[in-house]
Amino acid sequence: MLRSWYQGRSWLTALRPLSQLYRQVAQRRRQRYLDDPAASWQPPVPLIVVGNITLGGTGKTPMVIWLVEHLRARGLRVGVISRGYGAQPPVLPWRIRPDEDTPAQAGDEPLLIARRCRVPVVIDPDRPRAGRELLEQAAIDVIISDDGLQHYRMGRTLEVLMLDHARGLGNARCLPEGPLREPASRLDSVDLIVRNGAAVDADDGFAMQLQATELVNLATGQRVNPAEWKAPPRVQAVAGIGNPDRFRRTLESLGFIPTLQAFADHAGYNADSFAAFDHGEPLIMTEKDAVKCAGFAREHWWYLRVDAQLSAAFATALHQRLDSHLPSSRTTSL
């Protein structure tokens with residue numbers, strides 16, 4: 001279905017009545033919260049939502065990590081809340097313990113953020129409850145919500161909407177005829193639009209590039225600059241993310257010749273998951289997949305670390321919108 005949405009298949013028009021109904025329900029739901037702000041939890045500190053209106057990967061997690069590191073470098077105390085897709089913690093809400101929790105307990109993306117950034121991360125499908133727990137457990141100046149654009153019970157200060165630059169909005173239809181969770185007109189109401197994969201900033205959004213920084217061996221911790229890779233370029237590539245083909249293209253841009261093994265987004269793994277194609281040649285996976293494979297990794301397994309790259313213009317636009325919501329003593333400077 002995902003491929004059909006982006007290839008403009010004509011048979012999808014048969015789903016238009018359902019798509020129109022979905023669109024109406026989504027619009028009415030959002031309008032209900034716009035008409036009654038008291039129905040949403042309004043946090044006492046700024047809350048930035050990083051989300052999307054399309055199904056499939058758009059780079060939300062790298063964007064969250066960039067925001068955490070950028071704001072923290074400017075002296076702000078940052079915390080993250082997330083639904084924790086697929087997580088099964090002992091209780092909810094749950095503050096992630098980065099060195100103790102498993103991906104099954106914490107969810108792959110929240111655990112990745114907690115381990116990479118070392119900031120408080122709380123998971124709960126009830127995001128207002130997650131936010132309140134975060135504020136009770138830590139001194140926080142800014143909350144970042146990993147996803148949750150359509151979670152309107154959660155009040156927000158800024159909305160950062162992520163788009164895959166190559167795929168855009170597909171056929172620009174709502175589910176199930178197209179990939180949209182909300183009508184395309186929703187783009188007009190968000191604060192900042194970021195296009196993952198775009199080369200330069202434009203009127204329709206700021207550019208974000210994912211820069212490959214190093215290859216990390218899951219078993220030994222060895223770190224290698226991709227330009228200094230000494231092994232043969234033919235590798236197995238594992239990607240259990242929303243847009244696996246992007247990972248293949250990234251590896252190709254680094255000079256690798258990958259055979260992509262695509263898994264479902266948030267797929268769970270065990271020691272036998274790769275047995276059908278793992279014959280001892282180098283195997284490179286995403287960092288999100290590596291979080292779930294560290295406990296049974298083999299010595300020829302690596303993950304590719306990537307970091308989001310955004311322009312100074314994006315940082316300026318972010319602070320123009322954020323600083324007015326911070327106490328003067330916490331106002332950031334570029």
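A: Start with Glu-177, which makes a salt bridge to Arg-173 with 3.9 Å between the closest N and O atoms; the term covers a Lys or Arg side-chain nitrogen within 4 Å of an Asp or Glu carboxyl oxygen. Keep in mind that this is a predicted model, where local features need pLDDT of at least 70 and side-chain atom pairs need 80 or more, though totals for chains, interfaces and linings use all residues. Residues count from 1 along each chain as its sequence is written, and side-chain values use heavy atoms, with hydrogens and water left out.

The two partners sit in unlike surroundings. Glu-177 is buried, with a relative accessible area of 3%, while Arg-173 is partly exposed at 33%. (Buried is under 20% relative accessible area, exposed is over 50% and partly exposed lies in between, using a 1.4 Å probe and protein chains only.)

Next up is Arg-195, which bridges to Asp-204 with the closest N and O atoms 3.4 Å apart. Here the arginine is the covered one: Arg-195 is buried at 13%, and Asp-204 is partly exposed at 40%.

Then there's Arg-77, whose salt bridge to Asp-141 has a closest N to O distance of 2.9 Å. Arg-77 is in the loop between helix H3 (60-73) and strand S2 (78-82), and Asp-141 is in the loop between helix H6 (127-137) and strand S5 (142-146), so the pair ties together parts that are 64 residues apart in sequence. (Helices are DSSP runs of H or I with at least four residues, strands are runs of E with at least two, and both are numbered from the N terminus.) As for cover, Arg-77 is partly exposed at 41%, and Asp-141 is buried at 8%.

Searching the whole structure turns up 24 salt bridges. Some join into a network, which links Arg-116, Glu-287, Arg-305 and Asp-307.

Arg-186 deserves a stop of its own. You'll find Arg-186 in the loop between strand S6 (158-164) and strand S7 (192-196), buried with a relative accessible area of 4%. The Arg-186 side chain has a polar contact of 2.7 Å with that of Ser-189 and one of 3.3 Å with that of Glu-182. (A polar contact is a pair of N or O atoms within 3.5 Å; within protein, one must be able to donate a hydrogen and the other to accept it, and residues adjacent in sequence count only through two side-chain atoms.) Setting aside residues up to four places away in sequence, Arg-186 also touches Arg-30, Ile-53, Leu-149, Tyr-152, Arg-156 and Glu-159, contact being heavy atoms within 4.5 Å.

Now for the nonpolar packing. The largest nonpolar core has 42 residues, and Met-63, Trp-66, Leu-71 and Ile-144 touch the most other members. (Such a core is a set of buried Ala, Val, Leu, Ile, Met, Phe, Trp, Tyr and Cys residues joined through side-chain atoms within 4.5 Å.) H3 supplies the largest share of this core, seven residues. Leaving out neighbours within four places in sequence, Met-63 is in contact with Val-50, Val-160, Met-162, Val-194, Met-208, Leu-310 and Phe-314. There's also a second, separate core of 22 residues, including Val-49, Ile-53, Ile-140 and Cys-174.
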